[in-house]
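Let's take a friendly walk through this model together. Please open the structure and follow along.

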Amino acid sequence: MKRLLPILTLVLLASCTSHRHDDKMIFRYNESAGITTLDPAFAKDQSLIWGCRQLYNGLVELDSNLNVQPCIAKSWTISQDGLRYTFILRQDVMFHEPVSRVVTSQDFIYSFNRILDPSTMSPGVWIFSDVDSFSAPDDTTFVITLKRPFAPFLSQLGMVYCSVVPHEMVERYGKDFRKHPCGTGPFQFQYWKEGVKLVLRKNPHYFEFDSESHRLPYLDAIAVTFIVDRHTAFLEFVKGNLDFMNSLDASYKDEILTLEGELKPKYADRIDMVATPFLNTEYLGFNMESASILRDRRLRQAINLGFDRRKMMKYLRNNIGEPGVYGFIPRGLPGAAEEPLCEFNPEKARQLLAEVRKQHGTIPTLKLSATANYLDLCKYIQQQLGLIGLDVKVDVNPPAALSEQVAQGKCDWFRKSWVADYPDAENYLLLFHSPNCAPEGPNYTRFKNATVDKLYLKARRTTDEHERTELYRQIDKIIMEESPVIVLYYDEILHFTHKNVKGLRSNAMNNLDLRHVKIL
């Protein structure tokens with residue numbers, strides 16, 4: 001590894017005008033949102049998850065089709081009652097330098113108890129809320145016992161929070177472990193100047209091999225920059241100074257894409273674009289505990305029917321994503337609605353508004369709270385609802401301020417999104433379970449429905465996949481009828497790479513898997 005160090009120094013000090021230095025492959029991407037920690041216990045945002053994914057492993061992982069696959073655990077069994085999970089660990093997984101020792105089952109007990117420790121204050125503590133105990137019969141056997149069965153639990157263990165960490169480094173650095181990361185992943189920590197650049201180098205002892213018995217990863221290093229302005233980052237990508245660009249921004253979407261969502265011809269000869277469904281539901285939520293007239297279900301239903309999502313997606317999103325005409329559960333997950341539930345119907349919307357006015361009189365101006373990134377969508381909805389007789393004011397807020405206001409119940413109507421933590425419809429429906437009301441939980445609408453609560457708890461307990469799917473579908477239908485939320489669209493991931501980048505893998509959770517990437 002000594003030969004690589006001066007190469008990486010060049011990467012840090014010089015402009016990244018080439019991805020190769022002395023035939024070393026260096027993958028470069030920008031993270032506009034920044035990275036605040038490389039401790040997996042706090043990896044709650046995409047930027048943090050992507051960084052930690054390169055450094056750490058867990059018991060299991062999700063593949064490109066969101067199926068659970070072995071990782072550090074080479075196999076596992078689940079007891080018939082769904083309560084006991086027994087994992088058999090690989091014996092060739094080493095922690096990075098300077099720890100440089102084999103991972104054992106005791107390391108998982110330490111790592112998971114660290115998440116549960118109140119002093120850690122990990123946002124991932126909820127994953128283990130149903131856990132009764134952890135045990136390690138020997139160095140390669142790890143057992144998790146649940147208090148009650150929960151079928152999605154295995155996929156939850158694929159989250160970055162559940163990565164294994166060495167107690168030696170955590171105890172040595174304490175809270176500063178965030179900037180002295182040590183895991184088992186395909187890359188290991190090299191350099192980080194916060195807000196400027198992060199460099200990770202190849203782990204020469206990584207335990208995975210390709211189908212031809214070549215050790216992964218192929219890349220020699222990853223270099224991450226932190227250009228805040230997305231349009232500037234786009235220009236860097238176009239110039240070839242970045243190898244990869246994720247998703248789409250309003251500042252450049254019309255420059256690179258047609259209205260139909262295709263790559264424009266002037267870029268097609270040098271850039272590849274891959275579109276993947278994204279488990280992210282963008283929605284408008286209503287505070288069901290407010291004193292606003294929006295508590296009238298007919299008004300919420302009228303809004304739901306009163307704007308054309310298909311037109312919105314074409315002209316404002318370049319057809320990236322799918323119009324939200326089904327339910328809250330995104331398409332592709334078992335339990336999602338099979339037929340549209342809320343197509344554009346302005347005549348029905350006007351009828352509902354007439355009923356509301358007959359009972360309440362004049363409908364006052366409605367305030368929709370959003371952030372600047374979604375102003376174009378909200379303005380479109382404002383214009384469309386004006387055509388059916390509703391006066392809407394769009395209130396623009398900083399992201400952090402809006403999140404706090406929504407959590408505290410200070411917004412009657414707001415824009416929000418939900419990105420899946422794990423690939424199961426339960427993760428979406430928990431937003432409507434009464435005990436999860438904000439600020440303690442993610443039920444930001446403060447929706448309460450006894451039937452939904454009953455069906456939700458029944459679905460969590462059942463281990464029969466078909467029965468769970470039908471229960472999810474029933475819950476989703478009730479939610480759409482009650483309309484505490486209005487689904488805008490189901491998002492889509494766009495990954496842009498230069499044509500010399502090969503082997504990039506992802507999935508509907510927007511994973512960034514660089515293990516098989518080569519730069520030709």
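A residue is called buried when its relative accessible area is under 20%. Keep in mind that this is a predicted model. With that cut-off in hand, turn to Thr281, which lies in strand β13 (residues 271-286). Its relative accessible area is 0%, so Thr281 is buried. What surrounds Thr281? Leaving aside residues up to four places away in sequence, Thr281 touches Phe328, Pro330, Lys416, Ser417, Trp418, Tyr428, Val487, Tyr489 and Tyr490. With Phe328 there is also a polar pairing: a polar atom of the Thr281 side chain lies 3.1 Å from the backbone oxygen of Phe328.

Next, look at the nonpolar interior. In soluble globular proteins, nonpolar side chains tend to be buried together. Here the largest nonpolar core has 144 residues, and Phe87, Ile144 and Leu157 touch the most other members. A second, separate core consists of 15 residues, among them Leu242, Leu248, Leu494 and Phe496. Back in the largest core, the neighbours of Ile144, not counting those up to four places away in sequence, include Leu83, Phe87, Phe112, Val131, Phe153 and Leu157, and also Arg84 and Ser133.

Finally, find two helices, α9 (residues 297-305) and α16 (residues 465-482). They pack at an angle of about 100° with their axes 8 Å apart, and α9 and α16 are therefore roughly perpendicular to each other. Where they meet, α9 contributes Arg297, Arg300, Gln301 and Asn304, while α16 contributes Met480, Glu481 and Glu482. Sorted by class, this contact has 4 charged, 2 polar and 1 nonpolar residues.

Methods. Residues are numbered from 1 along each chain as its sequence is written. This is a predicted model: local features need pLDDT of at least 70, side-chain atom pairs count only at pLDDT 80 or more; totals for chains, interfaces and linings use all residues. Side-chain values use heavy atoms; hydrogens and water are left out. A nonpolar core is a set of buried Ala, Val, Leu, Ile, Met, Phe, Trp, Tyr and Cys residues joined through side-chain atoms within 4.5 Å. Buried means under 20% relative accessible area, exposed over 50%, partly exposed in between (1.4 Å probe, protein chains only). Contact means heavy atoms within 4.5 Å. Axes are lines fitted to C-alpha atoms, for helices over the stretch in contact, and angles run from 0 to 180 degrees between N-to-C directions. Helices (H or I, at least four residues) and strands (E, at least two) are DSSP runs, numbered from the N terminus. Angles under 35 degrees count as roughly parallel, over 145 as roughly antiparallel, 65 to 115 as roughly perpendicular and the rest as oblique. Ala, Val, Leu, Ile, Met, Phe, Trp, Tyr, Cys and Pro count as nonpolar, Asp, Glu, Lys and Arg as charged, and the others, Gly among them, as polar. A polar contact is a pair of N or O atoms within 3.5 Å; within protein, one must be able to donate a hydrogen and the other to accept it, and residues adjacent in sequence count only if both atoms are side-chain atoms.
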